[in-house]
Amino acid sequence: MSTTAAETLERRVLFLAPFGRDAELLQKMLRKDDVAGEICSSVAALALEAERGAAALLIAEEAIGRETEILSHVIGRQEPWSDLPVIVMTQRGSDSPAVARAVDLLGNVTLIERPVRIPAMRSAVRTALRARERQYQMRARMREREEADRRKDEFLAILAHELRNPLAPIRNTINILRLSSPQPPAAQLWEMMDRQVGHMVRLVDDLLEVSRITRGSIELRRQPVELSLIIATAVETSRPLIEAARHELAVNLPLEPLVVEADAMRLAQVFANLLNNSAKYTGEGGTVSITATRAGDEVMVAVRDSGVGIPAEALGRVFDMFVQVNPGARRGGSGLGIGLTLARSLVEMHGGSISAASAGAGSGSVFTVRLPLAAAAAAARRELPGPAPRVAGGPRVLVVDDNRDAADSLAQLLELMGAEVRVVYSGKGALEALASDRAALVFLDIGMPEMDGYEVARRIRANGDARDTRLVALTGWGQEKDRRVSRAAGFDHHLTKPPDAAELRELLASAPSLQPKLEMPPHVQPL
């Protein structure tokens with residue numbers, strides 16, 4: 001249906017009157033006001049036409065019967081912006097059960113008692129049409145916002161991709177230098193540079209996280225897990241920042257296991273954000289603590305600090321996006337002001353709540369998270385992954401990337417980790433390399449010209465000799481839909497640029513052992 005045709009349907013008034021003469025008179029009256037009207041023969045016909053589009057419904061009391069529920073179902077399925085006006089022409093006298101039924105079932109109802117003067121009817125219809133026009137304007141604004149959100153999400157995804165691409169060779173080079181020069185003072189310089197690259201990567205990831213949460217496109221992988229494991233992960237994540245500021249950290253956990261139904265990674269992200277926030281807004285040598293307690297059917301986790309505090313007038317907006325209450329008091333430079341926004345969104349997705357409290361400037365602050373305890377009394381403890389061991393006698397690896405800096409620096413890093421590495425710079429080169437020399441791991445860039453990484457992966461998987469080869473997507477695209485596409489193409493792993501050294505070591509350590517191909521002499525036939 002064309003836009004013009006749809007607009008014509010949406011601006012008409014639908015009539016349902018038991019006597020054709022009444023409907024014709026109404027239609028004639030509206031035609032003088034340049035309003036299109038259409039007569040419907042039954043409630044079912046009216047409901048069908050209303051679904052196609054209408055500005056208002058005009059119904060005689062006599063036409064209201066049991067079939068009105070059909071129309072109520074159509075009205076009940078309206079979009080959030082829509083509140084279709086319904087004008088009911090009632091008979092003179094006391095209220096009837098039919099009219100009461102219409103008011104209950106049809107929502108936005110206006111009653112007009114007959115006999116009705118023409119100016120009064122015209123006024124009622126005009127009022128309904130003006131209200132409907134405002135609803136159409138609201139719909140247009142909502143669609144504009146949705147389109148703006150879609151473009152923003154596309155922009156953030158492209159921005160993240162473009163930022164990750166140059167970060168990949170930078171991080172690879174830092175790791176090469178760190179492994180090549182492990183002695184001070186060079187080691188401290190490489191550690192500092194790696195932390196700053198990591199900070200840039202986290203800023204990019206946070207931007208995408210906020211975008212995904214706002215759109216409701218994050219899926220939690222919830223399972224029973226002990227809260228102590230989640231807090232341990234958060235503390236380990238935040239420890240470098242806390243130690244760099246010479247803060248005293250206190251972790252207080254109860255003896256009893258507190259089990260929550262949660263996505264452990266996401267909740268660890270929440271508590272790490274809170275700990276990082278406390279560390280950044282506390283002067284050097286301050287105190288930071290995280291305390292978990294049981295409160296009935298809930299668990300309460302409080303992150304407390306001795307920092308700069310929060311003014312009373314700012315407490316209500318500390319969780320708003322891009323808000324920084326005391327940016328000048330922040331240690332370690334500026335940030336985006338979205339860490340607390342992420343924390344609140346993730347806590348609420350878990351059915352919990354988060355609040356902030358402070359006695360004022362210079363009095364520190366406390367952030368309290370409340371979460372429902374899991375129904376199960378206990379959960380299977382799962383160990384959090386530690387650093388992967390250094391690989392000795394590493395596997396054969398193929399690195400494929402049209403960005404030569406990224407490919408060469410990754411190859412050098414993998415060689416320092418013990419791998420035997422070959423580098424090619426195109427999809428065609430990858431297929432040729434694998435035809436002559438099998439590899440246990442293939443690090444494959446997605447966005448290559450001529451033949452992209454998805455097509456290369458599909459062709460590798462189509463080759464029976466490569467069934468033991470593990471494919472690793474290495475790309476600047478890191479959203480969940482990108483991971484689904486890479487899995488469908490045949491990838492085993494999906495890494496976003498720049499890859500972390502610990503992730504690379506883990507992949508090398510878990511690389512499959514290749515079974516040698518059996519080459520039979522020409523005169524020997526297989527059984």
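## A parallel sheet, a helix pair and some ring contacts

The axes of helix H3 (residues 43-52) and helix H4 come within 8 Å and cross at roughly 10 degrees. H3 and H4 are therefore roughly parallel to each other, a label given to angles under 35 degrees. Axes here are lines fitted to C-alpha atoms, for helices over the stretch in contact, and angles run from 0 to 180 degrees between N-to-C directions. On the H3 side, Val43, Leu46, Ala47, Ala50 and Glu51 meet Thr68, Ile70, Leu71 and Val74 of H4, where contact means heavy atoms within 4.5 Å. Helices (H or I, at least four residues) and strands (E, at least two) are DSSP runs, numbered from the N terminus.

A word on the basis of all this: the model is predicted, local features need pLDDT of at least 70, side-chain atom pairs count only at pLDDT 80 or more, and totals for chains, interfaces and linings use all residues. Residues are numbered from 1 along each chain as its sequence is written, and side-chain values use heavy atoms, with hydrogens and water left out.

Now to the sheet. Five strands make up an open sheet with parallel pairing, in the order S14-S13-S15-S16-S17; two strands pair if DSSP finds at least two bridges between them. Strand S14 (420-424) and strand S17 (493-496) stand at the edges with a single partner strand each, so one side of each has no neighbour in the sheet. From one strand to the next, the twist averages 20 degrees. Within the sheet, S13 (residues 396-400) and S15 (residues 441-445) run parallel and are joined by four bridges, and valine 397 has leucine 441 as its bridge partner in S15.

Next come the aromatic rings. Rings of Phe, Tyr and Trp (its six-membered ring) pair if their centres lie within 6.5 Å; planes under 30 degrees apart count as stacked, over 60 as edge-to-face and the rest as tilted. By this rule there are two aromatic pairs.

| Pair | Centre to centre | Angle between planes | Type |
|---|---|---|---|
| Tryptophan 81 and tyrosine 136 | 5.9 Å | 55 degrees | tilted |
| Phenylalanine 319 and phenylalanine 367 | 6.0 Å | 85 degrees | edge-to-face |

Tryptophan 81, in the loop between H4 (68-76) and strand S4 (86-90), lies 55 residues from tyrosine 136 in helix H6 (residues 118-180). Both tryptophan 81 and tyrosine 136 are buried, meaning under 20% relative accessible area (1.4 Å probe, protein chains only). Phenylalanine 319 and phenylalanine 367 are buried too.

Definitions and conventions: Buried < 20%, exposed > 50% of the residue type's maximum accessible area, 1.4 Å probe, protein only. Parallel < 35°, antiparallel > 145°, perpendicular 65-115°, else oblique.
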